[in-house]
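Okay, thanks for staying on, everyone. Let me put the structure up and then walk you through it.

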Amino acid sequence: MDRTQLKQAAQPDAVRAALGANSEEIGHAADPHHPTGDAVDVRTAHYKGHDIVVRTRYEITVDGQPFDIHLSVANSGRVHYHGLPSRDFGSVIDLVQKAIDVFGDEFAADGQPAGHAGHQHGQGGDH
Amino acid sequence: MPGTSTARAVITDMAAIRSSITNNAEARENFVRGVLLLKDEFLGPTTADFGITGPAEPLSTYDLFTVWHHLAMGRLTPPTQGDRNAAHSGPVFLPWHRLLLLLELQFQRVLNDDNVGLPYWDWSDDGNLPAAQQLGATLWQATGIGGSGESVSDGPFRSDQFRVRIDSDRFGRLRATNRGLNRELGNDIATLPTPADVATALQLPEYDSDPWDRDATGFRNTLEGWIGPSGLHNRVHVWVGGDMAPATSPNDPVFYLNHCDVDRIWEAWMLDRGRVYVPDQSVSGDLAMHRLDDAMYSILIAQPITPRDVLDASDFYTYDKLP
Ligand SMILES: [Cu+2]
C-alpha cells in the first residue's frame with residue numbers, strides 16, 4: 001500500500017471519480033439486501049462421508065403484516081439478520097422482539113403491508 | 001534551503017501515531033474537528049445517486065463512508081448464502097475495516113496535517129469498571145463525545161451540530177433521514193468486554209478457519225464476536241446501541257473509535273504471530289473478496305487493495321501502545 005498514492009485517492013476529485021466508476025453498484029444501495037425470490041437459508045455439512053443439506057424458510061408476520069426479512073442460520077442454529085448485523089439470536093422470536101425494540105416507530109407506523117412502508121412518497125420504479 | 005526541505009520531508013513522511021482518545025486531549029480534539037469538517041463537506045453526491053427515493057439530498061464525505069459500510073454489508077459473498085458479506089462474518093473483517101479506517105487520510109486532508117492519527121477507545125479499560133460506572137466513563141462526557149439520548153443533546157455531536165442523513169430501516173434498506181444521533185449506552189447489555197477477554201483472544205494461534213464464517217474457530221471470529229463468551233467487537237456495538245445497531249453504524253463516530261481499537265488488537269496479534277493471513281487464493285471462489293490477494297470491496301477508492309496490501313500499515317500509522 002503506497003501512502004502517496006492513497007493520499008491522492010483521498011482527494012475530492014479522486015473520491016468523485018471512484019463513485020462515478022461505481023455508479024451502477026451504488027445506485028442499488030437502497031435495494032432490499034436479500035437475494036431476489038425466496039429467502040431460503042441453506043446449511044451444509046459433511047459428516048462421515050455424507051453430505052447434509054438443510055434448507056430453511058421462515059414466514060414471519062407482525063400484527064398480521066409480513067415481516068419479510070432474510071434470516072441466516074449458522075450451523076450452531078443461531079439466527080442472524082441484516083437489520084441488526086452485529087448480533088445473533090438463539091430464537092427467531094427473540095430476533096423479531098429485538099427488531100421491534102430497535103425499529104419500533106416503523107412497526108407502529110405500519111398501516112400498510114410491511115416491506116412497502118416508506119415507499120408511498122417516492123417516485124417508485126427503482127426496483 | 002536544503003535544510004528546510006529536508007525537515008519538511010521528514011515530517012510529511014512520518015507515519016501518524018494513533019493514541020487513546022481518553023488519554024490524549026489533542027487526539028480527541030482532532031477527531032472531533034475532523035468528524036465535524038467531513039460532516040460539513042459536500043462533494044456532490046446525493047441520496048439519488050444511491051437509489052434512495054424522495055428529493056435528492058446532498059451527502060457529506062463522512063456520510064459516504066457510512067454508505068460504503070452499508071453497501072459492503074449488503075454484498076453477500078457468495079450470494080447463495082446469507083451469512084458472510086464483503087466486510088463481516090468472514091476473514092476479510094479485519095483487513096476491510098482497516099481499509100475503511102483510511103478515513104484517517106480524509107482527516108489529514110481536511111485538518112491539513114499529515115500527522116493526525118485516528119484515536120482508539122480502549123473499551124476494555126472501561127469494561128473493568130462496575131456497570132454503572134461504565135456509563136459515566138470519560139468518553140461519554142460532554143468533554144468526550146457526549147452521552148446517551150434518542151437525540152444526543154450534549155458534547156460535540158449533539159443534534160444542533162451533527163445530523164444523521166441516512167440510515168437503515170428494519171429491512172436493512174438505506175433511506176434518507178434528518179435527525180440527531182441516537183445512543184442507548186448499556187441499555188441492551190450492561191457491560192463492555194474486559195482486558196481478560198482481549199487477552200484470551202490474543203492467545204488464539206490461528207487467524208481463521210473453514211467454514212470461514214460465523215461458525216469458524218480462530219482469532220478473527222473471536223475478535224469479531226460471533227464465538228467466545230465475551231463478544232468483543234459485536235458486544236461494543238450492542239452496548240452502545242442506537243445508531244450503532246444497524247448496518248449504518250458508522251453514523252455514530254464512536255464506530256471509528258471502536259474499530260480503531262479492534263485494529264489495534266489485530267496489530268498486537270500480528271506482532272506476536274507474524275503478519276499472516278488466511279485463506280490465500282488456493283481456496284474456492286466462494287471465498288472471493290476474502291482471500292489474501294482479492295481486491296476488497298470499495299466504492300470510494302478506485303485502486304484495488306487486497307488484504308495482503310494492508311497487513312503492514314506501518315507506513316501509514318503506528319499505535320502508541322498495544323494491548
Ligand atoms: Cu463493520
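This is a predicted model: local features need pLDDT of at least 70, side-chain atom pairs count only at pLDDT 80 or more; totals for chains, interfaces and linings use all residues.

Residues are numbered from 1 along each chain as its sequence is written, chains are lettered from A and ligands numbered from 1 in the order in which they are written, and side-chain values use heavy atoms, leaving out hydrogens and water.

So, which residues hold the copper ion? You've got H69(B), H88(B) and H97(B), each through NE2, at 2.1 Å. Donors here are N, O and S atoms within 2.8 Å of the metal (3.2 Å for Na, K and Ca), and with water not among the atoms, sites may look incomplete. Along the chain, the spacing reads H-x18-H-x8-H. H69(B) sits in helix α3 (residues 61–74) of chain B and H88(B) in the loop between α3 and α4 (93–100) of chain B, so this pair ties together parts 19 residues apart in sequence. Helices (H or I, at least four residues) and strands (E, at least two) are DSSP runs, numbered from the N terminus. H69(B) and H88(B) are both buried, meaning under 20% relative accessible area with a 1.4 Å probe, protein chains only.

Now the helices. α4(B) packs on α11(B) at about 130°, axes 10 Å apart; the axes are lines fitted to C-alpha atoms over the stretch in contact, with angles running from 0 to 180 degrees between N-to-C directions. That makes α4(B) oblique to α11(B). Oblique is whatever is left once you take out under 35 degrees (roughly parallel), over 145 (roughly antiparallel) and 65 to 115 (roughly perpendicular). On the α4(B) side, the residues meeting α11(B) include H97(B), which is also one of the copper ligands.

The other pair is α10 (residues 232–240) and α11 (residues 254–273), both of chain B, at about 160° and again with axes 10 Å apart. These two are therefore roughly antiparallel. From α10(B), H233(B), V236(B), H237(B) and V240(B) make the contact (heavy atoms within 4.5 Å), and among their partners in α11(B) are F255(B) and H259(B). F255(B) and H259(B) also meet α4(B).

Last, chain A: five helices and six strands, in the order α-α-α-β-β-β-β-β-β-α-α from the N terminus. Of its 127 residues, 39% are buried.

Note on methods: Buried means under 20% relative accessible area, exposed over 50%, partly exposed in between (1.4 Å probe, protein chains only).
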